[in-house]
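Hello,

I am passing a structure on to you, and I hope you enjoy looking through it. Below it you will find my notes on what turned up.

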Amino acid sequence: MAPVRRLVSALLRWDLRHAFRRVCWVGGTLPEVPDGPVIAYANHHHFYDGHLAWLLFRAHLGRRPTLWMEEWDRFPFFAAVGAQPFPPDDPVRRAATIRRTARRFRAHPDTVLVYYPAGTLHPPEDGVQAFRADAVTRIARLYPSATWWPYAVHVTWRNEAAPTAFLTGGTPHEADGHEHHRLRQLWQRLQTLPNRPTKTLLQGRRSLKEWWDFSFTSSFFERYL
């Protein structure tokens with residue numbers, strides 16, 4: 001298992017380095033995620049949200065992330081880093097994943113279930129879509145020992161060839177029906193970033209603009225002005 005896990009982890013890091021110029025945590029210092037099982041819920045606006053969750057929880061916080069993945073059958077190798085099948089048309093397999101998650105919480109209390117309450121990937125322009133509070137209540141009943149923790153993701157361009165991903169987190173709490181409000185506030189906070197301290201979680205690949213400098217040819221090309 002270890003060699004496969006290392007290989008898939010390297011693939012995730014390679015994907016992130018090519019997708020983003022950098023990934024940053026907003027707040028200066030990394031969050032203190034509570035001890036014991038955690039349900040970390042977030043907005044779901046970007047294809048690489050699962051990759052970013054792995055980077056935060058596994059690579060930087062040393063926790064065991066797991067997430068429920070609709071398209072697990074297309075990419076089953078993600079099981080090596082915690083993904084579990086959650087097909088919309090197969091209630092038997094979904095139920096098996098729910099039970100397996102409970103076992104992981106018991107066997108490994110440092111497990112973090114990454115949960116996207118909106119359910120589906122949707123454009124950032126839609127904001128943090130409303131989600132059913134009763135779904136949160138049902139999950140809280142399934143895992144009563146888990147602490148809930150909101151975190152938000154915002155991807156933006158900063159005059160560079162590739163975008164930057166910003167993440168930030170809120171305060172741990174028990175499920176109380178106000179999860180949407182908390183998540184929306186966190187996400188909106190990421191829309192305004194001036195003068196806020198950040199910690200770089202990953203440096204992406206530099207663009208050709210950052211590598212190359214042709215200023216030494218300026219005297220030659222001045223003849224074309």
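**Salt bridges**

The count of salt bridges comes to six. Please keep in mind that this is a predicted model.

How open are the two partners to the surroundings? R64 counts as partly exposed, at 35% relative accessibility, and D110 counts as partly exposed too, at 27%.

The next pair is D134 with R138, a salt bridge of 3.5 Å from N to O. Both residues lie in helix α4 (residues 133-142), and because they are four residues apart, about one helical turn separates them. As background, an α-helix has 3.6 residues a turn, so residues three or four places apart point the same way. D134 has a relative accessibility of 33%, which means that it counts as partly exposed. R138 is partly exposed as well, with a relative accessible area of 46%.

Then there is the salt bridge between the side chains of R182 and D176, at 2.6 Å from N to O. R182 is partly exposed at 23% relative accessible area, and D176 is partly exposed at 37%.

**The sheet**

If you turn to the strands, you will find an open sheet of eight, in the order β4-β3-β5-β2-β6-β7-β1-β8 and with mixed pairing. Which strands form its edges? They are β4 (83-85) and β8 (198-203), each of which pairs on one side only. On average, and with direction ignored, neighbouring strands of this sheet are turned by 25° against each other.

Within the sheet, strand β2 (residues 38-41) runs parallel to β5, and four bridges join the two.

**Helix α2**

Helix α2 (residues 49-60) is worth a look next to the sheet. This helix lies across β1 (22-26), β2, β3, β5, β6 (147-156), β7 (164-169) and β8. Its direction makes an angle of about 125° with β6.

The twelve residues of α2 reach 16 Å from the first C-alpha to the last, close to the 16 Å expected at 1.5 Å a residue. Which residues of α2 are buried? They are D49, H51, L52, A53, W54, L55, L56 and F57. After the helix comes G62, with a positive phi near 65°.

**The whole protein**

Stepping back, the protein has seven helices and eight strands. Its C-alpha atoms fill a box of roughly 75 × 40 × 35 Å along the principal axes. Of its 225 residues, 44% are buried. The accessible surface comes to about 12,700 Å², and carbon and sulfur atoms account for 55% of that.

One more figure concerns how the chain meets itself. Among contacts between residues at least 6 apart in sequence, 74% join residues at least 24 apart.

How values were computed:
Residues numbered from 1 in each chain as written. Predicted model: local features only at pLDDT ≥ 70, side-chain atom pairs only at ≥ 80, totals over all residues. Heavy atoms only, no water. Salt bridge = Lys/Arg side-chain N within 4 Å of Asp/Glu carboxyl O. Buried < 20%, exposed > 50% of the residue type's maximum accessible area, 1.4 Å probe, protein only. Pairing = 2+ DSSP bridges. Axes fitted to C-alpha atoms, helices over the stretch in contact; angles between N-to-C directions. Contact = heavy atoms within 4.5 Å. Expected span 1.5 Å × (residues − 1). Areas by Shrake-Rupley, 256 points an atom, 1.4 Å probe, with all protein chains shown as cover.
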